[in-house]
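Student: I would like a close look at one part of this protein, and then at what surrounds that part. Please go residue by residue where you can.

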Amino acid sequence: MTDHYAVIGNPVDHSKSPQIHAAFARQTGQDITYDRLSAPLDAFTSTAQRFFSEGGQGLNITVPFKHEAWDLVNLHRGDALDAQAVNTIKSENGKLIGYNTDGIGLVADIKKNLRFEIAGKRVLLMGAGGATYGVVFPLLRENTKALVVVNRTLEKAQSLVQSIKKRAGAIVTSLDAAPYADLAGSTFDIVINATSAGLNGEMPSLPQGIFARDALAYDMVYGRNTPFLAFAREHGAHAVDGLGMLVEQA
Ligand code: NDP
């Protein structure tokens, strides 16, 4: 029997998840379909519920629905509870189970594939949406020296940091929220773009001199030369897109 899966988002046309999951299914001998499901911005829940009521077994969730996915599921497993965001939903015995594999995927890509150490590094994380929520805890668990979350809408970064600090206890070394304007004069060893700016050819307002020597510049957006990646290359950083993260989290 064929199992039905999809990635749901808005936009979703850019997603390479169908190709990745089709390749995994071939390797593991599974009979599946895996589609792209575009949900209207105000109708994530009804679109996802229809997919499952029509027999769908699992969804991956992309921009901007990861918080709504967290609200939708009946149970949270693994990193999903701490993340307050869900990127994978599985239907099991009539219940929807939510997972978050974004952090595992990012950390594996940086450490295993790129062979870049996270422990003891100063990390700048841009964005305060579902993707950022998914990766903050896994980055902190790697013993970053400092983690700064910066977002265009500062209040969202502040509330993310507050909520993480409440729950993280001993694993929080140094975690702060900041506006882009406060970054001038600071340098970071790892700069992660977890915004969707690159999907629209836009660039977060980073100051010159943000990259420390031999810094890693990581854009979660993949498959395009985003303004952030171009900026990073111009400033001597090692610039990498998010394809490896996508594969690792899948
Ligand atoms: P959300 O819609 O939840 O959040 C988007 C974030 O981007 C917000 O913080 C928003 O800021 C910020 N943003 C958007 N445009 C700009 C801009 N021009 N300048 C500065 N900030 C901007 O999206 P997600 O968090 O779910 O996803 C973010 C991106 O990460 C997506 O592009 C997604 O494709 C990618 N991603 C890739 C993965 C991979 O495996 N490679 C996994 C997960 C995500 P504000 O709050 O001010 O609106």
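Which residues of helix α8 (residues 227-234) are buried?

Tutor: A caution before the answer: this is a predicted model. The buried residues of α8 are Phe 228, Leu 229, Phe 231 and Ala 232. They lie on the same side of α8, because they cover an arc of only 160 degrees around the axis. The background is helix geometry. An α-helix has 3.6 residues a turn, so residues three or four places apart point the same way.

Next, the cover. Strands are part of what covers the buried residues of α8, including β7 (122-126), β10 (188-193), β11 (211-219) and β12 (238-241). After α8 comes Gly 236. Its phi is positive, near 80 degrees.

Positive phi also turns up in residues other than glycine. Arg 115 is one of them, with phi at about 55 degrees. Arg 115 sits in the loop between α5 and β7. β7 is among the strands that cover the buried residues of α8. Arg 115 itself has a relative accessible area of 73%, so it is exposed. Asn 143 is another non-glycine residue with positive phi, here near 65 degrees. The loop that holds Asn 143 runs between α6 and β8 (146-150).

Two packed helices are described by the angle between their axes and the distance between the axes. Take α5 (residues 102-113) and α6 (residues 130-141). Their axes come within 7 Å and cross at roughly 60 degrees. α5 and α6 are therefore oblique to each other. Their crossing is right-handed. On the α5 side, the contact is made by Asp 102, Gly 103, Leu 106 and Val 107. On the α6 side, Ala 131, Gly 134, Val 135, Pro 138 and Leu 139 make it. By class, the contact of α5 with α6 has six nonpolar residues, two polar and one charged.

α6 also packs on helix α7 (residues 154-168). The angle is about 45 degrees, and the axes are 11 Å apart. That makes α6 oblique to α7. This crossing, of α6 and α7, is right-handed. α6 contributes Thr 132, Tyr 133, Val 136, Phe 137 and Leu 140 to the contact. α7 contributes Lys 156, Ser 159, Leu 160, Ser 163, Ile 164, Arg 167 and Ala 168. By class, the contact of α6 with α7 has seven nonpolar residues, three polar and two charged.

Setting aside neighbours within four places in sequence, Thr 132 is in contact with Leu 125, Met 126, Gly 127, Val 149, Leu 160 and Ala 194. Of these, Leu 160 is a residue that α7 brings to its contact with α6.

Now to other parts of the chain. Ile 20 lies in helix α1 (residues 17-28). With a relative accessible area of 12%, Ile 20 is buried. Apart from neighbours within four places in sequence, Ile 20 is in contact with Leu 246, Val 247 and Ala 250. Ile 20 and Tyr 34 are 14 residues apart in sequence. In space, C-alpha to C-alpha, they are 9.7 Å apart.

The loop between β1 (3-9) and α1 holds Pro 11. A cis peptide bond joins Asn 10 and Pro 11, with omega at about 5 degrees. The bond from Val 63 to Pro 64 is cis too, and its omega is near -5 degrees. Pro 64 lies in the loop between β3 (58-61) and α3.

Past α3 (66-72), the loop to β4 (75-76) contains Asn 74. At 46% relative accessibility, Asn 74 counts as partly exposed. Leaving out neighbours within four places in sequence, Asn 74 is in contact with Lys 95 and Leu 96. Asn 74 and Asp 109 are 35 residues apart along the chain. Their C-alpha atoms are separated by 30 Å.

Technical notes:
Residues numbered from 1 in each chain as written. Predicted model: local features only at pLDDT ≥ 70, side-chain atom pairs only at ≥ 80, totals over all residues. Heavy atoms only, no water. Buried < 20%, exposed > 50% of the residue type's maximum accessible area, 1.4 Å probe, protein only. Helix = DSSP H or I, 4+ residues; strand = E, 2+ residues; numbered from the N terminus. Arc of directions from axis to C-beta. Contact = heavy atoms within 4.5 Å. Axes fitted to C-alpha atoms, helices over the stretch in contact; angles between N-to-C directions. Parallel < 35°, antiparallel > 145°, perpendicular 65-115°, else oblique. Left-handed = near helix turned anticlockwise from the far one by under 90°. Nonpolar A, V, L, I, M, F, W, Y, C, P; charged D, E, K, R; others polar.
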